[in-house]
Structures are given as structure tokens and as C-alpha cells.
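Colleague: Please go through one part of this model closely, and state the cut-offs as you use them.

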Amino acid sequence: MSKKFSVPRGTSDILPENSSQWQKIELKSREILKNYNYKEIRTPIFEETDLFARSMGQTSDVVQKQMLNLTSQRKDEEGNIQLSGLSLRPENTASVVRSYIQNSMDRKESLTKLFYFGPMFRGERPQKGRLRQFNQVGVEVIGPNSGSPYLDAEVISLSVEMLKSFGLDSFDLKINTLGSPEDKKAFSILLRNKLTAHLGNLCDDCKQRFERNVFRILDCKVKECRDIVKNIEIDHSYLSKESSEYYSKVKETLDLLGVKYEESLNLVRGLDYYTHIVFEISDPSLGSQDALGAGGRYNGLVKQLGGAEADAVGFALGIERIMLATKNVVADSSEQLSTYVIALDEGSLPSAFTAMSNIRNNGISSDMSFRVASMKSQMRAANKAGAQVVLIFGEDEVTNKTATIKDMRDGSQRSVKDSEVVQFLKEILKG
Ligand code: AMP
């Protein structure tokens with residue numbers, strides 16, 4: 001017997017029965033993003049590995065453990081992995097910033113507001129809600145002097161607005177600030193001071209994180225580490241006056257907009273590029289993989305990747321997680337088929353087929369079974385497709401150049417001349 005293939009572990013098919021929900025998410029997002037004046041960008045799904053290593057940070061978990069590289073990994077003499085090839089993108093911020101710089105977008109407008117949809121790839125251990133290929137919708141706002149707290153508030157409220165438009169309302173928004181790069185340094189010193197006494201009890205990964213990326217310890221899922229983190233007291237003493245005022249302004253603006261949030265001093269996000277505001281949205285109904293989306297400000301990244309000085313803020317929402325959380329949203333009625341065409345014998349197939357083609361060319365959806373079968377089985381197929389109106393072609397109809405039209409909504413039936421079919425359908429489908 002020949003081998004049956006399955007999707008690679010950690011990936012999934014989006015089947016037709018789920019794609020209407022998928023489209024709804026995309027459609028609603030596009031509507032809202034248009035209202036907020038964001039423009040779409042599409043970048044390649046792979047980039048130089050170095051772009052991700054330099055932006056997300058060599059010590060981030062994503063770069064250390066989850067990169068899916070296209071070229072074989074080479075090691076240098078000391079056994080260090082050389083990240084010199086190409087990798088599937090684990091996220092899209094770095095790619096968008098690369099494109100912003102490469103296409104000199106700063107010369108075209110002072111503030112560039114972009115959004116994207118697309119697949120991301122991470123070599124994670126798959127489980128429910130955690131895939132190796134997953135999709136995100138995200139935004140990036142980039143521009144010189146765009147460090148306005150109103151923009152942070154816009155981006156946060158936009159993510160909330162989008163989630164609400166998908167029918168979600170039981171999610172939690174957490175926010176925090178890391179402050180400026182100098183504040184962030186002070187924060188890492190404060191964290192190391194608090195954690196030094198517990199170093200021996202941290203997991204092996206966190207012992208390494210202590211030196212390389214102490215913020216990641218706050219995200220560790222190991223129970224011992226979580227207990228330690230819970231009991232160290234973190235405050236905002238690392239913030240400068242300006243950073244503190246900036247944070248207050250963002251919160252005030254969110255209050256003005258009526259956006260509900262919770263402050264979380266433990267929220268840091270483990271990527272190097274974040275500064276100032278960071279936020280995360282989670283839905284407790286999703287279990288252990290409960291993050292719907294996350295984002296924050298990354299003011300230094302454009303310069304770090306070779307561009308001119310520019311500030312930036314953005315977020316990404318995970319579409320599969322949203323799909324899981326919106327399981328109960330009913331399919332849109334616009335998915336229904338308007339008409340279904342039935343041929344009762346071979347001689348009627350040409351008339352039925354041309355009628356269907358003519359109906360479609362007039363902007364009305366239509367389908368048929370493409371072969372002769374009993375009236376009963378074709379009516380069943382029409383019902384399954386959700387057809388509102390059925391057109392029946394048999395010997396009489398072909399001879400008289402008519403179609404028998406049955407309105408499935410009220411059961412009424414009448415004979416209509418071929419030349420008047422489209423007009424008749426337009427009228428009855430209007431209501
Ligand atoms: P992150 O860049 O990790 O903050 O991801 C942003 C959002 O993408 C998360 O909040 C999730 O909704 C989604 N996401 C991230 N990683 C995965 C994954 N491995 N599988 C499915 N969704 C993911």
C-alpha cells in the first residue's frame with residue numbers, strides 16, 4: 001500500500017468549514033485597519049537569519065531555540081552555531097523594519113502606518129494553540145519623532161477593537177513600561193539584585209538567562225522560578241521622570257478611550273528591541289496557551305538595523321488562537337449560495353450549464369452538480385449548499401426555453417422565460 005502523507009507536526013490545514021471564520025477575521029480586521037489609516041505590507045516569509053538575531057536578540061528564546069533555518073547550520077571552531085543563512089520568519093517586526101529602511105519609507109511620509117497578515121514559523125514543541133506554522137495579523141507604526149503616547153494608546157486600543165469585532169469580550173489586557181534603554185539597563189540591574197539570593201534555586205535555563213537576558217526569567221514557566229518571581233518585589237524605581245510621565249500619559253489616554261487594562265510589573269516581553277510600553281492580551285478560556293496577542297514600543301530598532309533615527313510601536317495577534325477563542329461565532333449568511341441549477345436529463349445539461357454561467361456573469365452566485373442525477377439527490381445537494389433559489393431544467397423547459405424556479409425560502413415555484421431569468425432572480429434575491 002502506498003504511503004499516506006500527513007501535515008508536518010505543528011502545522012494544520014485550514015479546511016473549507018473553517019475558512020469562512022478565517023475570512024471574517026481578515027475582513028473585519030481590514031475594515032478597522034482602513035478606518036485607522038493603516039496600509040498593507042507583504043514581505044517575504046524568509047529573511048537573512050541575522051536580521052532576526054540582531055533585532056530580537058541573540059539571547060532571546062526565539063533566536064536560541066526556535067528558528068527554522070533554510071540552510072544547514074554550520075558551526076564555527078568553538079562549536080557556536082553560525083547564523084549566516086536564511087530563516088523562515090518567526091515574527092514580522094524585523095522584516096517590516098528591514099523593508100521600511102530598504103525602501104526609504106521615511107522619505108515618503110513622516111509617519112508610516114503598516115499592517116500585515118501572514119504565516120510565521122517557530123520550531124516549538126507543538127501542543128494545542130502552539131504551532132510551528134501559525135498566522136498573525138499585526139501593525140507597525142514607524143517614523144521619526146513618532147514617540148507620542150497617543151500612538152501607543154491608538155495601537156493598544158486598535159488591538160482591543162479588532163478582538164471585539166471578532167466577537168470576543170472576555171480577554172484581559174496587561175500593560176507595563178520598560179522605560180528608555182537606560183531605564184531598561186537599570187531595571188536589569190534591579191532584577192539581578194533581587195534574584196541573586198535565589199540564583200541556586202532557578203532552573204538551568206534561568207541560571208543562564210540571569211547573565212544573558214535576565215528579563216526572560218520573569219516569563220519562565222517552571223514552577224520553582226515562578227514562585228521565586230512571585231515573591232520578589234518589583235517596582236518602577238528604575239524609571240526616569242520622562243519615562244514615568246510618558247507611561248502615565250498612555251494610561252490616561254487609554255482611560256479616556258474607555259480601554260480596560262491591568263498594570264503588570266512582571267510583564268517584560270523577552271525581546272531585546274522593546275523599550276517603554278509593552279502589552280499582552282490573553283484569554284483565560286484558552287488554557288495554557290492563552291496569549292491572543294502582544295506588542296509594544298521599539299524605538300531603537302530602526303537605527304540598530306541601519307536606518308535613520310525613528311521611533312516605532314506595534315503589535316501582533318495570533319489568528320489560530322483567535323479562531324480557538326471564537327469557536328462559537330456563527331458563520332456569515334453571506335457564505336450562502338444564491339442559486340443552484342438542476343438538470344433532469346442529459347439533453348438539459350447544456351441549458352442548465354449556460355444558465356448557471358449567465359447567472360454568475362451577472363454577479364449572482366451559482367453552482368450545480370455537473371451531471372444528471374435524481375431530482376431528490378440534486379435538491380439535497382442544493383439544500384446542503386444553502387441555496388436560496390433552485391433552477392430546474394428538464395425536457396419541457398428546454399423545449400419552451402424556460403426555467404422552473406423554486407424559491408427555497410417559501411417553497412413557491414414558477415416558470416420564467418430564459419431571457420428573463422436574471423432579472424427575475426435579481427428581484428427575488430433583493431429582499
Ligand atoms: P509573540 O510574538 O510570541 O508575542 O506572538 C504574538 C501572538 O502570536 C501570540 O500572542 C499568539 O497569539 C501568537 N503565537 C505566537 N506563537 C505562536 C505559536 N507557536 N502558535 C500559535 N500562535 C502563536
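**A helix pair, then the ligand shell**

Modeller: The axes of helix H1 (residues 16-35) and helix H6 (residues 149-165) cross at roughly 145° and come within 9 Å. Axes are lines fitted to C-alpha atoms, for helices over the stretch in contact, with angles from 0 to 180 degrees between N-to-C directions. Helices (H or I, at least four residues) and strands (E, at least two) are DSSP runs numbered from the N terminus. The model is predicted: local features need pLDDT of at least 70, side-chain atom pairs count only at pLDDT 80 or more, and totals for chains, interfaces and linings use all residues. Residues are numbered from 1 along each chain as its sequence is written, and side-chain values use heavy atoms, with hydrogens and water left out.

In H1, Lys 28, Ser 29, Ile 32 and Leu 33 meet Leu 158, Glu 161, Met 162 and Ser 165 of H6; contact means heavy atoms within 4.5 Å. By class, this contact has 4 nonpolar, 2 polar and 2 charged residues. Nonpolar covers Ala, Val, Leu, Ile, Met, Phe, Trp, Tyr, Cys and Pro, charged covers Asp, Glu, Lys and Arg, and the others, Gly among them, are polar.

Turning to the ligand, its shell divides into 6 nonpolar, 4 polar and 5 charged residues. Strands E7 (133-143), E11 (291-297) and E12 (311-318) each supply at least two shell residues, and E11 gives the largest share, 4 residues. Of the 15 residues around the ligand, Arg 122, Glu 124, Leu 131, Arg 269 and Ala 291 come nearest; near requires a heavy atom within 4 Å.
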